[in-house]
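Thanks for coming. Please have a look at the structure on the screen.

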Amino acid sequence: MTRLLTGIGVGLGSAAGPVARMAAAPALPAPRIVADPAAEAAAVRRAVTDVAAELAQRAARATGVAAEVLAAQALMAADPVLADRAVELVEQGTDGAHALSAAYARFRADLQAAGGFFAERVTDLDDLRNRSVARLLGLPTPGLPDPGHPYVLVAEDLAPADTALLDPARVLALVTARGGPTSHTAILAKALGLPAVVGCAEAGSLADGQEVLVHGADGLVEAGPTPQAVRRAATREQHRRERADNVHGPGRTADGHPVALLVNLGASHELAGAAAADAEGVGLFRTEFLYLDRAQAPGREEQTAAYRQVFEAFTGRRVVVRTLDAGADKPLPFASAPDEENPALGIRGLRTSARDPQLLETQLAAVAAAAQGSGAEVWVMAPMVSVPREAAEFAARVRAHGLPVAGAMVEVPAAALRAGRLAEVCDFLSIGTNDLAQYAFAADRTLGSLAELLDPWQPALLDLVAATAGAAAERGRPVGVCGEAASDPALALVLVGLGVTSLSAAPSCLAELRAALAAHTLQDCIELAGLALAAPDAATARSAVLRRIG
Ligand code: PEP
Ligand code: MG
């Protein structure tokens, strides 16, 4: 019998396949007396060798970044110093699991003390420790599964470090117990073009190998679906793809009103797909990926090289660079204040540059150097702007680096309410609906349990978008939406009706957005926006618009 599980839907499609679960890191059992140190030492060596061999095999099967990361991990795992240290401890009476753990802890401390590139490898070491301990204890291997066939990944949640290894050719869909509509996992699923259900409280009840059908649009997981249900979903998928593939080129409404369609870019491995997308450029280049998992900020040369790669891939097109957005859901040890009680309300986004001006200076210098001669039209914007003074100071700093187009993100309700003043001191605005919803509704964006408040169809959020778009239009400034709201085709029509001039979303979402725009006039969009604004709540707004567009 089919069992239905519900959660928050991400993406538009559906996909069916067998479950492969991501096992949790093993908990260390209580220490025990070692009866046979020689046998214990042999087991420790076997666990370490097996983990290294398994990683090397996975590296050989993987491609691109995943292959590189896995090969480097295999080398680390095979380091004889590590096994020797663990064996030494076993010979002194420590049991294998604790000996391995202690050996890794020492290795970790050494790397951290070495700083720089070495310190950045500590998360890899933690992963290796978990794998080796799990192998020794006969527990399932933690981390991404590798069942040897395409699968639906089921996890408690995904960490940024897992994402580089996700192979979109093998993962059919994602189901996670945690996460909200704008959480890291939801953004990742869209970037990979995968249907997903996040915040699915019952995800833990899905077993390895069990067949499931995941519906991204409805937030539904069918466990044990009927063959007819799988066939119906596959046919719907095919029709959806065919519809979307029929329209190409720049975004236009049916009566020719231009709405630039841009891509969000958040990791270097997304670059090739983003550059190949039928898009007018990048609407949100999340530069944090360069800084993540680091003990110190990357230097100017390293940043310049990374930005140049992106700009050159988009020669002749627009690239909107968002300066470092550290803090809260994107913590960085060197940029975030360590002792804040409410990091989402603390020193984050542009505010970090008041605490450490050099961070922003180095980044702007690198962006300017990379932009030179790249042929891309480089715009630069600041995250988490709250008051016009911040936008004015930021714009002055951007222009001082010879970068002519400076903008502000509208993610804080105060900025939306005073968007006219913001638009007077910079060249464009970009609405980050993920954070704007979080701050407008006082609802942590990472909490699946607050999904109703974080729903981008909330009329109060649309009021803030309308206020921003209206104020920007009065000053003749473009205003985009680059939060997850822009990737919902029906909501995108509403946003355009509210006056938004560009939409930026994951590459996998653009075809549907283009098709939706091409099927409606600007006047249709204005009427749809009126319907949504008049609704008493998000669900009514969504259903009123969906009913009207059929
Ligand atoms: C947003 O807040 O809507 C946004 C686009 O920025 P991020 O999701 O990176 O915080
Ligand atoms: Mg944001």
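I start with D126, which has 17% relative accessibility and therefore counts as buried; buried means under 20% relative accessible area, exposed over 50%, and partly exposed in between, with a 1.4 Å probe and protein chains only. Salt bridges that share partners join E288, R322, D325, R348, D435 and R445 into one network. Here a salt bridge is a side-chain nitrogen of Lys or Arg within 4 Å of a carboxyl oxygen of Asp or Glu.

Before going on, some ground rules. This is a predicted model, where local features need pLDDT of at least 70 and side-chain atom pairs count only at pLDDT 80 or more, while totals for chains, interfaces and linings use all residues. Residues are numbered from 1 along each chain as its sequence is written, chains are lettered from A and ligands numbered from 1 in the order in which they are written, and side-chain values use heavy atoms, with hydrogens and water left out.

Back to D126. Its side chain meets that of R129 in a salt bridge, 3.9 Å from N to O. Both residues lie in helix 6, three residues apart, about one turn of the helix; helices (H or I, at least four residues) and strands (E, at least two) are DSSP runs, numbered from the N terminus. R129 is partly exposed, at 25% relative accessible area.

How many salt bridges does a search of the whole structure find? The search finds 30. One of them is between R45 and D84, with the closest N and O atoms 3.1 Å apart. R45 is partly exposed at 37%, and D84 is partly exposed at 38%.

Another salt bridge joins the side chains of E54 and R131, at 3.5 Å from N to O. E54 is in helix 1 and R131 in helix 6, residues 122-137, which puts them 77 residues apart. R131 has 5% relative accessibility, so it counts as buried.

Now the cores. A nonpolar core is a set of buried Ala, Val, Leu, Ile, Met, Phe, Trp, Tyr and Cys residues joined through side-chain atoms within 4.5 Å. The largest has 96 residues, and F311, L429 and V494 have the most contacts inside it. Helix 13, residues 357-371, gives the largest share, eight residues. Apart from this core lies another, of 49 residues, among them L70, A86, Y151 and A155.
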